[in-house]
Amino acid sequence: MVKVTLWGSLADLAGGQRDLEVEATNLRELLSALESDHPALRPQLARGVSVSIDGKIYNDSWFQPIHETSEVVLLNRLEGG
């Protein structure tokens, strides 16, 4: 299981839960599990989110590995230069 921290308004979409645990080994599995377990997150996930894994931001790196010991934070998509 991977512990995921939801940042900002994303926690509201998960019933106010800021910390979740999901079964995932990569970013694609993580997002799929979150969508399945918390359907209210689907619209935001479809628009796009950023995921911090051990302090590095990923947007579309679907097969980026995630380990049980990884620090994972889900944020509204970060854009810009």
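Guide: Let's start with S52, whose bridge partner in strand β5 is V73. What you see is a predicted model, in which local features need pLDDT of at least 70 and side-chain atom pairs count only at pLDDT 80 or more, while totals for chains, interfaces and linings use all residues. Residues are numbered from 1 along each chain as its sequence is written, and side-chain values use heavy atoms, with hydrogens and water left out.

S52 itself belongs to strand β3. Strands here are DSSP runs of E with at least two residues, helices are runs of H or I with at least four, and both are numbered from the N terminus. S52 has a relative accessible area of 11%, so this residue is buried; that word means under 20%, while exposed means over 50% and partly exposed lies in between, using a 1.4 Å probe and protein chains only. Setting aside residues up to four places away in sequence, S52 touches I57, E71, V72, V73 and L75, where contact means heavy atoms within 4.5 Å.

Now follow the partner strand. β5 covers residues 72–76, and four of its five residues are buried. Five bridges link β5 with β3 (residues 49–53) in the antiparallel sense, and β1 (residues 2–6) runs parallel to β5, joined by three bridges. Two strands count as paired if DSSP finds at least two bridges between them. Strands of a sheet pair through backbone hydrogen bonds, either parallel or antiparallel.

Two loop residues are worth a visit. D54, in the loop between β3 and β4, has a positive phi of about 50° although it is not a glycine. P65 sits in the loop between β4 (56–58) and β5. With a relative accessible area of 41%, P65 is partly exposed. Beyond its neighbours within four places in sequence, P65 is in contact with T25, N26 and I53. From P65 to L30 there are 35 residues in sequence and 10 Å in space, C-alpha to C-alpha.
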